[in-house]
Amino acid sequence: MYLTHQRGPLHDLPDTPEAYDEVLAAVTEEALARLTPEGNLEHPDCVDDIGDTSLGVTSLLALAWHRTGDPRLPEAVRRSTDFHLRERVYTDDNPGYPNLRLRNSGFPYARYTLASGAHPIGDWPSTVWALLQAVNLLDLADGLLDAEQTDALREMSRGYWRWLTEATFFNPQEAGNQAIGCVVGGLMLARHLLPEEGQRVRAHAIALYLEEIRAHRVRDRGALLPPEHGGAYDNNYGPISLSFLAKAHLVSGEEIFAEDGEAVARYIDARLTVGGFDNGGPRYSEQHSGFESVLGLRYFGHRIGADLGRYRGDTRWGRHAVKPDGGVDGHFAWMLVWQIQDTTPWHRTPSTEPVRHQLRAGGVSVAFDSKMTPSLIEADGTYFLPAAVNRRHGFGPVVDGFLLCRPMGETRVRDVRTDGLTAKLVTKPVVTRDHVLCHVQSLYVTDGTRLWTTVAVERLPGEPYLLAGLPYVSDDGDGLRRIAEAQVTSAGDLRLTHPATEGPEFFDARTDTTQELAAFALAADPRGYGNPDEGWSHLVASTAIEATPAPGAPEDLNVFAVRYGGSGDTFAPAFDRTPEGLMIRTEAFTAVIGPPAGDEKGEPTLTLRA
C-alpha cells in the first residue's frame with residue numbers, strides 16, 4: 001500500500017508563468033461550466049469548509065482575467081461576487097457557537113457548514129479564509145467590479161475583521177496557521193481603507209501577532225515555533241503557517257515576519273529528510289499540504305538558501321483544492337493567487353551547513369528530536385521510524401527491556417566532515433531502571449549512500465541489544481510505499497521482531513495500517529481533533545530491528561554497529577582501545593571516539609578519515 005497524502009516533492013511542479021496560466025485556464029473552463037444562474041461557483045458536493053469556496057473561485061477568475069483578458073470573465077466575476085454578498089454572508093449568531101465574546105453583534109461572518117448550528121466550531125477559520133478571499137478580490141477588482149460592488153465587498157471585509165477580533169475570542173482553536181492568516185487578512189484589508197482607519201487596522205494586526213501568536217511560541221528542536229493545534233509543529237499546517245508568514249512580510253515589510261519565517265524554515269529544513277518525507281504533528285501526523293505550502297517553502301527556502309521544495313506535498317492538491325472527483329474547490333484559493341503573484345524562484349541546492357538536529361548528505365538523512373534521538377532515518381530510499389518497546393520509543397540500547405535514550409543531563413554533539421564523509425557524534429548521559437548512570441555515545445557516519453551507526457556504552461548486564469528502528473516506507477516512483485522489512489546489516493546478530501499481541505497499542509508493520517491511523521486510534525479525541533503524536537506515545541510495542549553487541553569490543557564496553565543500505569558489501573567492523581579513545585574501523589572509514597568526559601570544555605571529540 002501507499003501513503004495517501006505524501007507524494008511528490010512540491011518543487012517538481014512546474015511554476016513558470018505559462019504553467020500557471022494553464023492552471024487558471026482549466027479553472028476558468030470548469031468554473032464557467034459550473035456557474036449557476038444565481039452566480040454560485042461552489043462544487044456541488046461541497047458541505048464542509050464551504051463558506052469561502054465560491055468567492056475563492058471568483059478570485060481565481062479575477063486573476064485569470066488580469067493575466068489573459070478573457071472577455072467571458074468580467075460577467076462571471078460580478079455575478080459570483082453578488083452571490084457571495086447575497087447568500088454567504090451571515091450576521092445572526094450561529095446557534096451553539098461557543099467562542100463569542102459579544103452576542104448579537106451583527107458583524108458578518110462565514111460559516112464552516114451552511115446549516116444553522118450544524119457545525120459552528122469551524123466558523124472562525126472559515127471567516128478568516130473568507131476574509132482572505134475577499135481582500136484578494138479587492139486587490140483585483142479594478143476593471144471588474146463597479147464602485148457599488150467594491151464598496152460592499154470592502155464593508156463585508158471590514159465586518160469580517162471586526163467579528164474575528166471583537167465579537168469572538170482570537171484564535172479559539174489555538175491553531176497558528178489560522179491566527180497568522182487572520183493577521184494577514186488585517187494587513188491586506190488595511191490597504192483598502194482610508195489612511196487613518198487603515199493604520200489602526202494594520203497596527204492592530206501586528207499587535208495581535210506579537211501578543212497572541214509570537215509571545216506564545218513553543219520550543220522544539222532548538223527553535224521557537226507558532227503553536228499549532230496544541231503542539232509546536234504540524235506537518236500539514238506548519239508549512240501553511242510559513243506561507244502566511246511569507247505573505248505577511250510581503251504585504252507589510254515588517255522584519256519580524258521575515259525573522260520568524262526564517263526560523264520556521266530552518267526548523268523545517270532540519271527535520272526534513274533528503275527525500276522530503278516527514279511525519280508527526282498535533283493534528284494530522286502524515287497528512288501534508290500541497291499548494292498551500294508552496295509560497296512559504298519557496299519564499300523562505302530562497303531566503304535561507306535551503307532546498308525546502310523537496311517537501312513531499314499532497315500533489316493531488318498540487319495546484320488548488322479539489323474534491324474526490326478532481327473538481328476544483330475554491331477553498332484556500334488565495335494561496336494559489338499569492339504563489340502566482342510571487343515570482344521568487346525555488347532554491348534547489350541543499351544547505352550544507354551542519355545543523356544540530358540533522359545529519360544529511362547525498363541520499364542519507366538522520367533527523368533528531370529535541371533529545372537528540374533519531375526521529376527519522378533515511379538511507380537507500382528507505383525510511384525508519386523510532387521503534388517501541390515496553391512503552392518506550394526511540395533508537396538506543398535496551399537492557400532488561402528498558403530503552404536507554406532519554407538524557408539525564410546535557411547532551412553533547414560534535415559534527416565532522418572530511419574525505420566525502422559526514423558524521424555526527426552524540427554523547428548522552430542516561431540512567432538505567434536501577435538509577436545507574438551510563439554514557440551512551442552514538443556515532444552516525446554517511447558517505448551519502450550508506451549510514452553507519454555505532455553505539456558505545458558501558459558494559460550492560462544481561463543480554464542487551466540495540467533498538468535500531470521500525471522499517472516504515474520506501475520511495476516508489478511518485479509515492480511512498482509501506483514496508484515491513486528493510487536492508488540493514490549488523491556486526492552482531494540481527495533480528496526483525498513483531499509484536500506478539502494484537503490491539504491498537506501494538507503496531508505490526510506487516511498489517512495494512514499506517515502510523516497516522518494507528519496514532520489516531522490511541523488519541524484521546526476523535527480523528528481530526530485529537531493529537532495523534534500523543535496517541536502514538538501510548539504505543540506499547542512495534543515491529544523493530546534489533547541488533548546484538550558487536551564482537552571484538554573492549555571488555556568494559558558494549559558496542560553495537562549497524563549499517564543501513566549497502567547490503568552487498570562486507571560489514572565486519574573492528575574496535576580498539578587507544579589513548580585517544582575508542583577506534584572504529586569499517587570498510588569505509590576509521591573513526592576515533594573520545595572518552596565521554598570530552599575535551600577541556602566537556603565537548604565530545606571525534607576524528608574521522610576515509
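Mentor: A salt bridge is counted here when a side-chain nitrogen of Lys or Arg lies within 4 Å of a carboxyl oxygen of Asp or Glu. The model is predicted, so local features need pLDDT of at least 70 and side-chain atom pairs count only at pLDDT 80 or more, while totals for chains, interfaces and linings use all residues. Residues are numbered from 1 along each chain as its sequence is written, and side-chain values use heavy atoms, with hydrogens and water left out.

Across the whole structure, the search finds 38 salt bridges. One of them pairs Arg86 with Glu87, with 3.2 Å between the closest N and O atoms. Burial is judged by relative accessible area: buried means under 20%, exposed over 50%, and partly exposed in between (1.4 Å probe, protein chains only). Arg86 is partly exposed at 46%, and Glu87 is partly exposed at 36%.

Arg221 and Asp220 form a salt bridge with an N to O distance of 3.6 Å. Here Arg221 is buried, at 13% relative accessibility, and Asp220 is buried at 18%.

A salt bridge also links Arg414 to Asp599, at 3.8 Å from N to O. Arg414 belongs to strand 11 (residues 412-418), whereas Asp599 sits in the loop between strand 26 (590-593) and strand 27 (606-609), so this pair ties together parts 185 residues apart in sequence. Strands are DSSP runs (E, at least two residues), numbered from the N terminus. Arg414 is partly exposed, with a relative accessible area of 26%, and Asp599 is partly exposed at 25%.

Conventions
Helix = DSSP H or I, 4+ residues; strand = E, 2+ residues; numbered from the N terminus.
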